[in-house]
Amino acid sequence: MKKIKVGIIGLGEVAQIIHLPILESLSDRFEIAAICDISEQLLEAIGKRYQVSVSNRYTQADDLTKQDDLDAVFVLNSDEYHADCTISALKNKKHVLLEKPVCLTLEDVEAIIHARDEAGVQVMVGYMRRFAPAYVSAVEEVKQLGKINYARIRDIIGANRLFIEQSSHVLRPTDIPEESVRDKQERAGRMVQQAIGDAPAAHKAAYRLLCGLSSHDLSAMREIIGFPKRVVAASQWNGGRFMNAILEFDGYNATFETGVDNIRRFDAHIQIYGDHKAITIQYDTPYIRHLPTTKIIEESVGEAFTKTVERPSFKDAYTLELEYFHEVVTTGTQPKTTLEDSREDLKLFKMIIDAFE
């Protein structure tokens, strides 16, 4: 099996808890050959932990993407820098795994698509929920469902820190330059303004929530039931931390609801209701590894009602996603989570914002 050399841009909690340990566990497929972060503390600690040579530790993403022996780059840093880092990697002919959201504006998506096509390499967007075996199975089951009467997309969770602080040790650097903090804030303000216009602060906060947590839900929704015809109505409250929407499909409506609070539970699921069968995909927090995604089938056959819970695998969706990415890089296969696919999310986010009362 061909081993590919990867460079990691961004060494924050998702890299520390998820990507780096999985890459290490898949050592027959991947070698962590370079790392990049604005924190020297993280570079030293992570570099030692994963035996990355000092010469391959970078504070500038452009320098990492120029490293000749890299096959692929993982862009795991903050959303505001996704486009710049991905385009830099593409200009240097590197394949890219780009964590969701792809970026914050449609203009940046188009720029990344152009750079990808110029480079002739692949960009895969990291929607890991769409690689869970229960979800993959449910996609096929829905195709056989027939008439759909209703669907619900729900993600009401406790803040990630509530799970992380009890289950993981994350290095929190204290050497982030103040100018970097200001630059991130200024970029965020400018990009959200470009994406949704001169909107109230709560609408802008809701847009960031859509780009973050909700990109998982709505991306998975699009694959399993398609893109809605329109947003019938939508609202937000609590400063954009909670929202819901009614989405119109062909012959039925779906409700979307999401929010983040301080309760240690993770309620994320998609439910599709047919005439005689209902299909649910139930997710758990990805920050505790190997919690299974399940498929729940409720149906009536004759006089009987049955409810079955299927857990196809304990292998977590992130691991399956990275195994899939290895295949993308080594075979040149186009991933199912393309830039064009992710662009549809940004269009839907704007439709929801525009529908706010």
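**Entry 1**

In which loop does His-290 lie? I found His-290 in the loop between strand S12 (277-283) and S13. A reminder to myself before going further: this is a predicted model.

I traced Asn-238 to the loop between S8 and S9. With 48% relative accessibility, Asn-238 counts as partly exposed.

I then turned to the peptide bonds and wrote down the one from Lys-100 to Pro-101, which is cis with omega near -10°. Pro-101 has its place in the loop between strand S5 (95-99) and helix H5 (106-119).

**Entry 2: a hairpin**

I followed the chain on to strand S13 (residues 294-301) and strand S14 (residues 304-310), which pair in the antiparallel sense over seven bridges. I checked one partner: Lys-295 is bridged to Glu-310 in S14. Two residues sit between the strands of this hairpin, and there Gly-302 takes a positive phi near 65°.

**Entry 3: salt bridges**

How many salt bridges does the structure hold? I have 36 in the notebook.

- Asp-117 and Arg-116 meet through their side chains in a salt bridge, at 3.0 Å from N to O. Arg-116 counts as buried, as its relative accessibility is 11% and the limit for buried is under 20%.
- Glu-223 and Arg-130 also meet in a salt bridge, with 2.6 Å from N to O. Glu-223 belongs to helix H10 (residues 213-225), while Arg-130 is in the loop between strand S6 (123-126) and helix H6 (133-143), so this pair ties together parts that are 93 residues apart in sequence. I have Glu-223 down as partly exposed at 27% relative accessibility, and Arg-130 as buried at 3%.
- Lys-229 and Glu-248 form a salt bridge at 3.9 Å, N to O. Lys-229 lies in the loop between H10 and strand S8 (230-237) and Glu-248 in strand S9 (residues 242-249), so the pair ties together parts that are 19 residues apart in sequence. Lys-229 is exposed, with a relative accessible area of 55%, whereas Glu-248 is buried at 18%.

Which residues are linked with Arg-130 in a network of salt bridges? I wrote down Arg-222, Glu-223, Lys-336, Asp-341 and Asp-345.

**Entry 4: helix H12**

Two members of that network, Asp-341 and Asp-345, took me to helix H12, where both are buried. Other buried residues of H12 include Leu-339, Arg-343, Leu-346, Phe-349 and Ile-353.

I also did a length check on H12 (residues 339-354). Its 16 residues, at 1.5 Å a residue, should span 22 Å, and the end C-alpha atoms are 23 Å apart, which agrees.

**Entry 5: around Ala-220**

Back in helix H10, I picked out Ala-220. Is Ala-220 buried or exposed? Ala-220 is buried, because its relative accessible area is 1%. Leaving aside residues up to four places away in sequence, Ala-220 touches Arg-130, Tyr-135 and Ile-270. So Arg-130 turns up again, having been paired with Glu-223 above. I noted one C-alpha distance as well: Ala-220 and Ile-153 are 9.4 Å apart in space and 67 residues apart in sequence.

**Entry 6: a nonpolar patch**

My last stop was the surface. Which residues make the nonpolar patch of about 210 Å²? They are Ile-38, Ile-176 and Val-181. I placed Val-181 in helix H8 (residues 178-196). Val-181 counts as partly exposed, given its relative accessibility of 37%.

Conventions
Residues numbered from 1 in each chain as written. Predicted model: local features only at pLDDT ≥ 70, side-chain atom pairs only at ≥ 80, totals over all residues. Heavy atoms only, no water. Helix = DSSP H or I, 4+ residues; strand = E, 2+ residues; numbered from the N terminus. Expected span 1.5 Å × (residues − 1). Buried < 20%, exposed > 50% of the residue type's maximum accessible area, 1.4 Å probe, protein only. Pairing = 2+ DSSP bridges. Patch = residues over 30% accessible without salt bridge, like charges linked within 9 Å, V, L, I, M, F, W, Y side chains within 5 Å. Areas by Shrake-Rupley, 256 points an atom, 1.4 Å probe, with all protein chains shown as cover. Salt bridge = Lys/Arg side-chain N within 4 Å of Asp/Glu carboxyl O. Contact = heavy atoms within 4.5 Å.
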